[in-house]
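Let's take a walk through this structure together.

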Amino acid sequence: MIEREVTIRNRAGLHTRPASMLVKTASQFDADVYLRRDNYEINGKSVIGVMTLAAEQGATLTLVVEGADEAEAADAIEALFEDGFGEEF
Amino acid sequence: MEEPSPEPTSDDERVIEGTGAAPGIVVGTAYRYEAAAPTVRRDSISPDAVDAELERLANAVQRAEQELEADRVWAPDALVPDADAIFEAQALMLRDEDVLHAIRQRIQDENEPAVGAVQAVLSAHRERLEDSGDAHLRTGADDLLALERRLLRALRRGAAAAHIDAHSVVVAEDLTATDLLRFRRQNLLGGVTARGGPTSHAAIVAQALGLPLLVGVGEALEAVSSGDRVIVDGDGGRLIARPAPSTVDDYRQRAADAPSPTASGREEPSRPLRTTDGHAVTLRANVGLEAELDLLRPAPPDGIGLLRTELFLRADGAPHPVDEERQVEAYRQVIEAAGEEGATIRLLDVGGDSQHPHGTTGGRDDNPVLGARGLRVLLDRPDELLRPQLRALLRASREGPLRILLPMVTDVEEVRRVRRILDEESTRLTESGVPHASNVPVGAMVEVPAMALQAPAFTEVVDFFSIGTNDLTQYVLAVDRANDQVAMRHDALHPAVLGLILRVVEAGRMSGCPVEVCGEIAGDVQAVPVLLGLGVDTLSVAPPSLPAVHRIVRAIGYDATKDLARDVLQEDEAQAVRRRARAWVDTHLSSSDTASSTTNTPDR
């Protein structure tokens, strides 16, 4: 199991479009993906779940990945956050 | 005319006035259709019904996915920034297993109906987002609301569709074009709506399908229950609820006397069509649905004057109307059905009121008719929409005479750009050895007032004008024809609209550029003499209106229409023009037997 801290860098936060990017990426892997904000944890393959994190710019989330391809999955998802989902910072 | 088992009580009869939006008379059984009620009944279902309810949910999700896909095709990027991303997110949301699981759980464990379960689960998620302090994130709540509405609609649709039988007249708050198409497959007889105007998209579809449609019949909702026998009189703009047997007989007689639109369309009309004093008039057919091609056998003598490609390519629910091969096949059929005089095919006119085929009234594009629509969309997305359609048209052009019509043109430069692209595609086809017609005529719809005012400049770049009076009127009078509060003000016989038509006719005449009218007004018997008098000599009308227009043209003198046109241009409002035109028609037709009851004359 991999656990990493990720930060929302893009200005508009984890709104609908980034949420669907994240879910599409997570769904490419077999590993289970979870995102946690404070005590609220959601399935990283549920777009509505990701949206309800209501994670604004600067928010920090815990990314939890578990499964055979967890390393690749964690890297791919982390890269999205790093890149601000291709949006403005 | 079909009818169900008779058992009417006579003292219950009630006549309700409305506006006829599509002609014809039918007797049928009312079906009250509710497209999407805003409130949810949270009754529980019986434990035995759980499996059926889960099945209903699964079907609704599937229907919603199909609808979404259709919407995606019909709302190109240019209409909403980031449209593709929005649709992609909506599709992901519809397939969100966690949320679907939670909804199923409520149905199973709490015996909640699917509608209530969907609303409960999605609104809980939505509330989380609405609480966010971040404006960007709050927009997610709108996306969830859209999803919720889509699912609720899909759930209700399934329930509604199950009850329609072949004798039904649908009575609804409002009907969309797609509602009508769907019901038509179940052999719906006619429609009645509380809202809507006579020139709405639904009205156009109803005319095309030969379905009598009444609009603006607000009282119908309280006066009619499902199962009531009703008469829809689309000619007289009247709904008769629970008619007495004598009333039914009366209407049955009238319907029998009136030539059925389809039947009389098969008469062999004399050609060329001439007024009593020998002036030749060209009368073409408007086509918007594949089904309408059947109404055009034998081929209309003067061909097809307007083929609307948006509904045509969509009629059978094809998810990808821009698929080039499918388009080529469709256009070949049209050109073949059009006969020797060929077909005028209009490029995709997406946007405006046809942008939301499922009747959403979202606040996102408050002014779609002033937004990205028609040629604006095509030029924004040349590779996806414009080039494939032009290529398909060129490839089909060997089938017979073809003319290309551009929708929603504002500037001369837009036409030049399309012509350049058309030339490029033609050259490419030639290089690939694909045979096609060269010099396909290109015309422009006159819908935007700016274009009508600048008509002389356009004569240099177009081969013909086609005046779309529905939209032109909407823009000139600042009246949204889909808004029932103002729809009655929408009348193309307004002197301001007629003045613009005259201007275009004169510009055309100066330069030898043909001008035709393809709006609904061309099928309105009171308007036909006015249009002829203004110098319009080519009309394009819905197939059901062909016989009536044919009759009136043959019954009137061209010289006399000139006087009428001069007179009506002096009037200062549409109603006055209409009064004058009606009196003129009554006087000039009193000796002939042109039956005005069978014609498409929405009384305003």
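Start with Val504(B), which touches Val446(B), Ala452(B), Ala455(B), Phe465(B), Ile467(B) and Val515(B), leaving aside residues up to four places away in sequence. Keep in mind as we go that this is a predicted model.

The largest nonpolar core has 132 residues, and Val334(B) and Val504(B) are the ones that touch the most other members. Domain 1 (10–34 + 173–257) and domain 3 (270–352 + 369–444 + 520–598) of chain B both give residues to this core, so it lies between them. There's another core apart from it, made of 54 residues, and its members include Leu22(A), Ala26(A), Leu94(B) and Ala141(B). As a general point, nonpolar side chains in soluble globular proteins tend to be buried together.

Now for a helix in chain B. H18 covers residues 469–477, and its buried residues are Thr469(B), Asn470(B), Asp471(B), Leu472(B), Thr473(B) and Gln474(B). What do the buried residues of H18(B) pack against? In chain B they meet strand E14 (442–446), helix H16 (449–453), strand E15 (464–467), helix H19 (495–511) and strand E16 (515–517). Just after H18(B) comes Ala478(B), with a positive phi of about 55°.

Over to chain A, where four strands form an open sheet in the order E1-E4-E2-E3, with antiparallel pairing. Strand E1 (2–7) and strand E3 (40–43) of chain A stand at the edges with a single partner strand each, so one side of each has no neighbour in the sheet. On average, neighbouring strands here are turned by 25° against each other, direction ignored. Further in, strand E2 (residues 32–37) and strand E4 (residues 60–66) of chain A pair in the antiparallel sense over five bridges. Take Asp32(A): its bridge partner in E4(A) is Glu66(A). Helix H3 (residues 70–82) of chain A lies across E1, E2 and E4 of chain A, running at about 5° to E1(A).

Finally, how do the two chains meet? Here, 16 residues of chain A are in contact with 21 residues of chain B. On the side of chain A that touches chain B, helix H1 (16–26) and helix H2 (47–51) of chain A each supply at least two residues. By type, the residues on that side of chain A divide into six nonpolar, eight polar and two charged.

Key:
Residues are numbered from 1 along each chain as its sequence is written. Chains are lettered from A and ligands numbered from 1 in the order in which they are written. This is a predicted model: local features need pLDDT of at least 70, side-chain atom pairs count only at pLDDT 80 or more; totals for chains, interfaces and linings use all residues. A residue is buried if 20 or more other C-beta atoms lie within 10 Å of its own, exposed if 12 or fewer, and partly exposed in between; C-beta atoms are placed from the backbone. Two residues are in contact if their C-beta atoms, placed from the backbone, lie within 7 Å. Ala, Val, Leu, Ile, Met, Phe, Trp, Tyr, Cys and Pro count as nonpolar, Asp, Glu, Lys and Arg as charged, and the others, Gly among them, as polar. Two strands pair if DSSP finds at least two bridges between them. Axes are lines fitted to C-alpha atoms, for helices over the stretch in contact, and angles run from 0 to 180 degrees between N-to-C directions. A nonpolar core is a set of buried Ala, Val, Leu, Ile, Met, Phe, Trp, Tyr and Cys residues joined through C-beta atoms within 7 Å. Domain bounds come from an automatic or database domain assignment.
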